[in-house]
Amino acid sequence: MSILPQHKYLTRSLTHVPKYHQSCLRRLVICSATTATTKSSTKPTQLVNEPRLVNPPALVSPIAPPFLNDPSLQSTWSHRLWVATGCTTVLISLAKAIVAAADSHVWLQPILAGYIGYILADLGSGVYHWGIDNYGDASTPIFGGQIEAFQGHHKWPWTITRRQFANNLHALARAVTFCVLPIDLACNDPTIHAFVGVCSGCIMFSQQFHAWAHGTKSKLPPLVVALQDAGLLVSRAQHAAHHRPPYNNNYCIVSGIWNKLLDKQKTFEALEMILYFQLGVRPRSWSEPTSDWTEEVEAPAQVTVQ
Ligand SMILES: [Zn+2]
Ligand SMILES: [Zn+2]
């Protein structure tokens, strides 16, 4: 059974409750107040103070569905700046790899390192996606925004195709900037830069590959469809399985090359067991498919004409 917000925060001050749960609690407070007022009409001087659980009117979704031209799907100048910074740091790394390889006439090692970077980026995207899909909530430090966005994505997968480019990439671009910039400044090794440039670039663009995996074939650029069909980018069919029960597979979103192996070996399930027995934390995917995971049908008012 999942823990409802009103149970989880029953003993906590409203100021400590994540923003998206507060509206639900306020409704409960209003419901309780209404009930108390009715009771107090018989005994006006007696304050009713008995704890009671009030069933919310048809459980309110913790995250409101985006609407047409929702600002949460639009890019801001801050988003664009972070994506530009992330792209610049990645391009500097790739340029340094090429220049250093040309100077030393050693190409094989940087090319192999770049290939390994591409393969490991897919694994990294899967581990990160699994982590934020299953643990934490909107109030989690650093990752809260991403966790909330991914939970919203499970409920309304179509939103990723309406999310603007920089809005979709800025969080990973910021992380890439902080990790790659020091390497750009401190290192001139072509092999290291080939690995770092390709790996960080693929991780930063993994959300774009993810968005393309939700695209309609006829609306995607032919090159993207060709790369998806060749298995170089995560395919639409493979990622569609992630959004179907039991909602605990196909987490990798760069090429998807690791998905089959990780799912066959039940790697993430093993990690979930380890975390549960070590820390007592249950992943979201263990719950019966709840409203957190199940997709809501797109309402006519939310449909954008493209
Ligand atoms: Zn997911
Ligand atoms: Zn998705």
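This short talk walks through a predicted model of one protein, from its overall makeup to a few local details.

Let me begin with conventions: residues are numbered from 1 along each chain as its sequence is written, and chains are lettered from A, with ligands numbered from 1, in the order in which they are written. Since the model is predicted, local features need pLDDT of at least 70 and side-chain atom pairs count only at pLDDT 80 or more, while totals for chains, interfaces and linings use all residues.

The protein has 13 helices and zero strands, where helices (H or I, at least four residues) and strands (E, at least two) are DSSP runs, numbered from the N terminus. Of its 306 residues, 30% count as buried; a residue is buried if 20 or more other C-beta atoms lie within 10 Å of its own, exposed if 12 or fewer, and partly exposed in between, with C-beta atoms placed from the backbone.

How confident is the predictor? The average pLDDT, which is the predictor's confidence in each residue from 0 to 100, is 80 for the protein, and 72% of the residues score at least 70. Over residues 1-61, however, pLDDT stays under 50, and over residues 297-306 the pLDDT is likewise below 50. Where pLDDT is low, the predicted coordinates should not be read in detail.

Turning to the helices, α3 covers residues 77-104, and its 28 residues reach 40 Å from the first C-alpha to the last, close to the 40 Å expected at 1.5 Å a residue, the expected span being 1.5 Å times one less than the number of residues. Among the buried residues of α3 are Trp82, Val83 and Lys96, and what covers the buried residues of this helix includes α4 (108-134), α7 (165-186) and α8.

Which residues have the most contacts inside the largest nonpolar core? In that core of 36 residues they are Met204 and Phe209; a nonpolar core here is a set of buried Ala, Val, Leu, Ile, Met, Phe, Trp, Tyr and Cys residues joined through C-beta atoms within 7 Å. The elements giving two or more residues to this core are α3, α4, α7, α8 and α9 (206-213), and α8 gives the most, with eight residues.

Within α8, which spans residues 190-204, we find Cys199, and Cys199 counts as buried because it has 26 C-beta neighbours inside 10 Å. Leaving out residues up to four places away in sequence, Cys199 touches Gly117, Leu120 and Ala121, two residues being in contact if their C-beta atoms, placed from the backbone, lie within 7 Å. Cys199 and Leu120 are 79 residues apart in sequence, yet 6.9 Å apart in space, C-alpha to C-alpha.

As for α9, seven of its eight residues are buried, so this helix is largely enclosed by the rest of the structure. Beyond its neighbours within four places in sequence, Phe209 is in contact with Leu233, Val234, Ile253 and Val254.

Finally, some backbone details. Most residues other than glycine have a negative phi, and most peptide bonds are trans. Pro245 and Pro246, by contrast, are joined by a cis peptide bond with omega about 5°, and Pro246 sits in the loop between α11 and α12 (259-264). Ile142 is not a glycine but has a positive phi of about 65°, and it is exposed, with 10 other C-beta atoms within 10 Å. Lys266, also not a glycine, has a positive phi of about 55°, and Lys266 is partly exposed, with 13 other C-beta atoms within 10 Å.
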